[in-house]
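Here's a quick briefing on one protein, for someone who likes the cut-offs spelled out. Have a look at the model, then read on.

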Amino acid sequence: MQAWQVHENGEPGEVMRLEEVERPVPGDGQVLLRVRAANINFPDVLMCRGHYQVRPPLPFTPGVEICGETEDGRRVIANPALPYGGFAQYAVADTAALLPAPDSLDDAEAAALHVGYQTGWFGLHRRAGLEAGETLLVHAAAGGVGSAAVQLGKAAGATVIGVVGGAEKAAVARELGCDVVIDRRTEDVVGAVKEATGGRGADVVYDPVGGEAYTQSTKVVAFEGRIVVVGFASGSIPSPGLNHALVKNYSILGLHWGLYNTKNPKLVQHCHEQLTELAARGAVRPLVSERVPLEGAAAAVQRVADGVTTGRVTILPSLRNGAAA
């Protein structure tokens with residue numbers, strides 16, 4: 001089979017190599033899946049660079065989120081068991097963690113209805129307790145993680161303010177349903193949020209960026225507001241001033257979604273049921289901006305690394321030069 005392999009750490013476009021390898025052999029409690037679609041996530045970038053908290057042994061195949069097919073033809077969503085990731089024709093996953101792919105979504109959309117949406121659901125509902133009528137601020141609102149949070153916030157009845165970088169991403173954020181869109185490249189984020197909220201600020205801030213975005217969040221979070229920290233796509237990990245959190249009376253909430261898979265997997269299943277229901281009635285639908293063949297995976301992962309994509313970029317191993325095989 002064909003699979004992308006990383007033999008040394010570095011930028012994805014430089015270290016990912018498409019190779020002919022043997023199909024992985026499932027271990028106890030695992031299953032072999034034919035990859036129908038593999039979604040690109042920022043952790044794939046970090047793993048290529050050697051900067052992620054999970055460091056699979058070299059060589060490894062990236063790809064932490066797929067829609068796959070079992071030997072008996074079932075369409076499932078899975079997190080492949082590294083080092084046999086999803087940027088390949090076949091992957092291995094834990095049988096107990098397989099989730100049914102929603103009938104309302106195609107393969108690419110189904111692959112994207114997992115890590116980003118589960119992170120959003122846990123962050124907004126389990127951690128922050130977002131309520132209807134509250135104001136939600138989402139950084140990187142046109143990205144893969146941010147777009148999911150925007151849709152989930154709207155589905156929960158919140159007013160959503162999206163922060164983006166550039167006019168193209170601003171247009172995407174509006175299409176996603178943001179009530180207010182702020183282009184951080186041309187606008188003062190802090191001033192714009194205060195204006196949009198009448199000076200009150202945002203009840204919940206969803207931050208997958210870190211760095212300057214987090215600093216802005218602390219300046220616009222409302223009284224008894226909640227800042228949910230879900231990642232550091234900027235590459236800069238902020239150091240919170242706890243005296244500031246005390247004086248302004250807000251909460252800083254961390255979210256590592258992957259821990260729920262081991263600490264409370266039943267909640268992951270419950271979340272998937274909620275997401276499947278939302279997808280069935282059209283309340284959420286993953287924004288898949290690009291569908292690329294397996295041959296284009298390295299370049300696509302590099303585009304995600306460079307921050308020039310919107311929504312989700314998904315690899316379809318059945319595609320050849322843009323046409324179904």
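Predicted model: local features only at pLDDT ≥ 70, side-chain atom pairs only at ≥ 80, totals over all residues.

Numbering runs from 1 along each chain as its sequence is written, and side-chain values use heavy atoms, with hydrogens and water left out.

**Overall fold**
- You get 12 helices and 17 strands here (DSSP runs: H or I of at least four residues for helices, E of at least two for strands).
- The radius of gyration (over C-alpha atoms) is 19 Å, close to the 20 Å from the globule rule for 325 residues, so the protein is as compact as a globular protein of that length; that rule is 2.2 Å times the number of residues to the power 0.38.
- Along the principal axes, the C-alpha atoms fill a box of roughly 60 × 40 × 35 Å.

**Burial and contacts**
- Of the 325 residues, 55% are buried (under 20% relative accessible area, 1.4 Å probe, protein chains only).
- Take the contacts (heavy atoms within 4.5 Å) between residues at least 6 apart in sequence: 66% of them join residues at least 24 apart.

**Charges**
- The 28 positive charges (Lys and Arg) and 35 negative ones (Asp and Glu) have mean positions 4 Å apart, placing each charge at NZ of Lys, CZ of Arg, CG of Asp or CD of Glu.

**Cysteines**
- There are zero disulfides (pairs of cysteine sulfur atoms within 2.5 Å).
- Cys-48 is buried at a relative accessible area of 0%, and Cys-178 is buried at 9%.

How values were computed:
Buried < 20%, exposed > 50% of the residue type's maximum accessible area, 1.4 Å probe, protein only.
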